[in-house]
Amino acid sequence: MSERGALRARLDLLAREVAKFGAVGALGLVVNIAVFNLVRHTTDLQVVRASVLATFVAILFNYVGFRYWTYRDRDKSGRTRELMLFLLFSAAGAVIENGVLYAATYGFGWNGPVQSNVFKIVGIGVATLFRFWSYRTWVFKALPVEEAVPNAERFLEQRRAAGEVAPDPVHP
């Protein structure tokens, strides 16, 4: 495979990974916001506590989506290690997410229902960048190169066969 073809295959795989991560994350966002608003409006919990509870419900939902869909082709050995790292990085993401809400609520006094939802979503957005990097780097580790390269080659060949990628001019 040429360098150009290899790069294209890697970028295609990354784009698919980002799309799958985003789809699971979007559903997790819906779960997070729904639980947050349900808890906030049906209990006497304070805003940040309701947010922390909602965040952890969404984290559990996301783990299932990431493990069994987004990263299903990644290394599956060491599930205990994987789960512990996932929870560790998810907790760090929860601190980022809820730190933004905390600062808005208690630092600036922006605690109306709309403001709380806006800053919850802003916090989720910032934390998502951290989570994407940490999950793909540390939690759902890529398979070794000798196993991953044939998958990239097969993926590129499937795309060529479907007419989505131009034929490789070096290796027709």
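Six salt bridges are counted in this predicted model. One of them joins the side chains of Arg 136 and Glu 17, with a nitrogen-to-oxygen distance of 2.9 Å. Because Arg 136 belongs to helix 4 (residues 113-139) whereas Glu 17 belongs to helix 1 (residues 3-42), this pair ties together parts of the chain that are 119 residues apart in sequence. The two partners fall into separate classes of accessibility, Arg 136 being partly exposed at 31% relative accessibility, while Glu 17, at 8%, counts as buried.

A further salt bridge is formed between Glu 97 and Lys 120, whose closest N and O atoms are 2.6 Å apart. Elsewhere, salt bridges with shared partners join Glu 17, Arg 74 and Arg 136 into one network.

Within helix 3 (residues 79-107), Glu 82 and Arg 79 are placed three residues apart, which corresponds to about one turn of the helix. These residues form a salt bridge in which the closest N and O atoms are separated by 4.0 Å. Glu 82 is buried, with a relative accessible area of 1%, whereas Arg 79 is partly exposed, with a relative accessible area of 31%.

Note on methods: Residues numbered from 1 in each chain as written. Predicted model: local features only at pLDDT ≥ 70, side-chain atom pairs only at ≥ 80, totals over all residues. Heavy atoms only, no water. Helix = DSSP H or I, 4+ residues; strand = E, 2+ residues; numbered from the N terminus. Buried < 20%, exposed > 50% of the residue type's maximum accessible area, 1.4 Å probe, protein only.
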